[in-house]
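Let's take a friendly walk through this model together. Have the sequence and the 3D view open as you read.

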Amino acid sequence: MKKITIGIIGAGRIGKIHADNMARLPNVEIAAISDLFVGPELEAWAAERGIGLVTKNSGDIIAHPDIDAVFICSSTDTHVPLIKQAAQAGKHIFCEKPVSMDLAQTREGVAAAAEAGVKLQIGFNRRFDHNFKRVREHVQAGTIGRPHLIKITSRDPSPPGESYIRVSGGLFMDMAIHDFDMARYLAGSEVEEVYAQGNVLVDPVFAKYGDIDTAVITLRFENGALGVIDNSRKAAYGYDQRAEVFGSKGSVAVANDYPNSAVVSCADGTYSDKPLHFFLERYNQAYVDETRLFVECLLDGGPLVVDGHDALQAESIALAAKLSLRLRRPVRLDELDELGNKE
């Protein structure tokens, strides 16, 4: 059996999740992992998984002659330089989202991969979720006719800590960027205009960093469809992930995933469990599938499900949303270069 040899850059939570998911794939070997904070704990963790090289230097991963592909799971500010280095070394690349906080830099990274002829997959794992994939299939099959409205609800069970908020890039770039990619994926069309409204309703700490915790974003797609996304950093009842596409012949919608489908009915009322707690539980299988399909694309040469173009589009929508909130008006994506690609 042909195998793909992989190196992981960044041994934080997401890097370790990818490593454990890859360990389940018979055609993958993890040769090395790098992190700035290598210590006995990480070395022991790697040894348990048969990872032979643990290093502080990401260059050791990129220069490794046996490594076919790298997973970039380090901080966002390192993504583009690492993409360029990996591309130059002829390594295929999986990079967590966002590629960067700056469209010009993201374009450079995407172009570097294209020029080197290596594959670049971006970590928009929700495309691999069983629910959302089914919606997409019905839209593509024409089951609901021409899409008219795309509605996405995405609410976290609790807000992140202040240390994370400070460097997150804001709600649009950190949280809603998944929904921007999902809106394009479900609509089967590019976004041409964005109008965002937001406020701080959950925790004043967001305002301290010029951020918001609650938002409603409307989208206009090139195919004429309209989109509505609502976001909150805190839903008291749990992780809320729902979507609907309404079209000329009907609609297709998906609700939350639950630990079980039991509904208890009694004199006091009707009860069921809260939704699966957060993204690691809700999208556990999606993380596995995005890794598996990336590896399959490397083995058979097929197209990626989500690539650098998708990263650029999602980041463009996020930037347009930031500008819309600040300017208090709709922002077209073709205005971004004129307005400046930084908020």
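## Strands and their partners

Which residue in β9 is the bridge partner of V191? The partner is F221. Please keep in mind that this is a predicted model. V191 opens the residue range of strand β8, which covers residues 191–199, and eight bridges join β8 to strand β9 (residues 214–221). The two strands run antiparallel.

β8 and β9 belong to an open sheet of seven strands, and you can trace its order as β12-β11-β7-β10-β9-β8-β15. The pairing in this sheet is mixed. β12 (250–254) and β15 (331–332) stand at the edges with a single partner strand each, so one side of each has no neighbour in the sheet.

## A hairpin to look at

Another pair to find is β13 (residues 263–266) and β14 (residues 269–272), which run antiparallel and are joined by four bridges. They form a hairpin, with two residues between the strands. V263 stands opposite S272, while C266 has G269 as its bridge partner in β14.

Is S251 buried, partly exposed or exposed? Its relative accessibility is 42%, so S251 counts as partly exposed, since that class runs between 20% and 50%.

Leaving aside residues up to four places away in sequence, S251 touches I144, E244, V245 and F246. T143 is 108 residues from S251 along the chain, yet the C-alpha atoms of the two are separated by 8.3 Å.

## Helix α4 and its buried face

Now turn to helix α4, residues 79–88, where H79, V80, L82, I83, A86 and A87 are buried. Why do these residues line one face of the helix? Seen down the axis of α4, they fall within an arc of 160°, so they line one face.

What do the buried residues of α4 pack against? Their partners are the strands β1 (4–9), β4 (69–72), β5 (92–95) and β6 (120–122), together with the helices α3 (58–63) and α5 (103–116). Just after α4 comes G90, with a positive phi of about 80°.

## The largest pocket

How much volume does the largest pocket have? The value is about 1,400 Å³. Its lining counts 45 residues, and the closest to the centre of the pocket are R13, I14, S74, K97 and Y164.

The elements giving two or more residues to this lining are α1 (13–22), α4, α7 (162–167) and α11 (279–282). The largest share, three residues, comes from α1. By class, the lining has 21 nonpolar, 14 polar and 10 charged residues.

K97, one of the residues closest to the pocket centre, is joined to P98 by a cis peptide bond with an omega of about -20°. P98 is found in the loop between β5 and α5. As background, most peptide bonds are trans, and most residues other than glycine have a negative phi.

R328 has a positive phi, near 60°, although this residue is not a glycine. You will find R328 in the loop between α13 (308–327) and β15. With a relative accessible area of 72%, R328 is exposed, as the cut-off for that class is over 50%.

## A buried loop residue

Where does A176 lie? A176 is in the loop between α8 (171–174) and α9 (177–187). Its relative accessible area is 0%, so A176 is buried; the class takes in values under 20%.

Not counting residues up to four places away in sequence, A176 touches L171 and N231. H148 is 28 residues from A176 along the chain, and their C-alpha atoms are separated by 21 Å.

Terms used:
Residues numbered from 1 in each chain as written. Predicted model: local features only at pLDDT ≥ 70, side-chain atom pairs only at ≥ 80, totals over all residues. Heavy atoms only, no water. Buried < 20%, exposed > 50% of the residue type's maximum accessible area, 1.4 Å probe, protein only. Arc of directions from axis to C-beta. Contact = heavy atoms within 4.5 Å. 1 Å grid on protein atoms, 1.4 Å probe; cavity = no way out; pocket = protein on both sides within 12 Å on 5 of 7 lines; lining within 4 Å. Points joined across faces, edges and corners; volume = space filled by probe spheres on them. Nonpolar A, V, L, I, M, F, W, Y, C, P; charged D, E, K, R; others polar. Pairing = 2+ DSSP bridges.
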